Amino acid sequence: QTQELKFTNSRTGIWLAIVDQNGELVTSIADMSIFELITPNHIEKISENIKMSPMVFVDCNLSSETINKILTYSRSFGVPNVVNTVSVEKSARICSNETLQLIDLLTPNTLELLEIASKFSNKVNHSKNAEDLSIDSILDLILVILNKGVKHIVVTCGHRGVIYGRLVEQKVVYEHFPALPVEKVINTNGAGDSFVGGLIASLLINNKNKQFSSESILSAIKFGLEAAKITIQSEKTIPEELNRIRNLIQGKIINSSL
């Protein structure tokens, strides 16, 4: 069942980006303020929808209070959730012990990971460039966040690929997935969002249990990387070829030529 919210005298969300000749982002500007009009009261009215959902996806364009309300319902109903941090600035909206312990799967990039971890550990070098972070340093940051109650974390690391981590006996168990090779980088905009979309699509289609398992997440990461690969090689932020990912996930495409 689909429900909609209508707000008068408000602009829809916009994002404008400038890229260089290599398809890399130079600068961008966004206006997502309309999402902040969604309040905890709106969420209370659709709590039954959350209860009946196979999964909840939340991003940090919403206010801290609204995010916490959604995640509280998600946890109380036993519905798994995925949280995307959106940006370094907006990642602060989940930087509380109360909120982090409600998150099942968190999907930050390295900069957002650094920002969140710095809120909870004075050992984190907040001024450090994300590109300079070693894999061991990234795992240290992952440990800080997992210790706050997040069950699973998938960190997108740009051209270095993706790192998945979870906590086992107070230690980080992780997998590093290198980025898939591409013939030509045309536009990196939307690659991270495409990755998360492919990840979620796989979890929705193939995750038979109510809660996420490490196996289902590891499998979903591969489809997320395929989706990111498609986006990087397209002039469009949302390329039409992404429709092939569903067939790939469902096993209708055996040998991917994406």
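First, a term: when I say two residues touch, I mean contact, with heavy atoms within 4.5 Å. And keep in mind that this is a predicted model.

Start with V124. It sits in the loop between α5 and α6. Is V124 buried or exposed? Its relative accessibility is 16%, and buried means under 20%, so V124 counts as buried. Which residues does V124 touch, leaving aside those up to four places away in sequence? The list is L114, A117, S118 and L141. Now look over at F57. V124 and F57 are 67 residues apart along the chain, and their C-alpha atoms are separated by 28 Å.

Next, helix α6. It covers residues 135–146, so to speak 12 residues in all. From first C-alpha to last, α6 reaches 16 Å, close to the 16 Å expected. Its buried residues are I138, L139, L141, I142, V144, I145 and L146. Note L141 there; that residue is also on the V124 contact list. What covers the buried residues of α6? The cover includes helix α5 at 110–118, plus strands β5, β6, β7 and β8.

On to the sheet. It is open, with 6 strands in the order β3-β4-β5-β6-β7-β8, and the pairing is mixed. At the edges are β3 and β8, each pairing on one side only. β7 and β8 run antiparallel, joined by 7 bridges.

Last item, helix α3, residues 64–77. It lies across β3 and β4. Relative to β3, α3 runs at about 160 degrees.

Definitions and conventions:
Residues numbered from 1 in each chain as written. Predicted model: local features only at pLDDT ≥ 70, side-chain atom pairs only at ≥ 80, totals over all residues. Heavy atoms only, no water. Helix = DSSP H or I, 4+ residues; strand = E, 2+ residues; numbered from the N terminus. Expected span 1.5 Å × (residues − 1). Buried < 20%, exposed > 50% of the residue type's maximum accessible area, 1.4 Å probe, protein only. Pairing = 2+ DSSP bridges. Axes fitted to C-alpha atoms, helices over the stretch in contact; angles between N-to-C directions.
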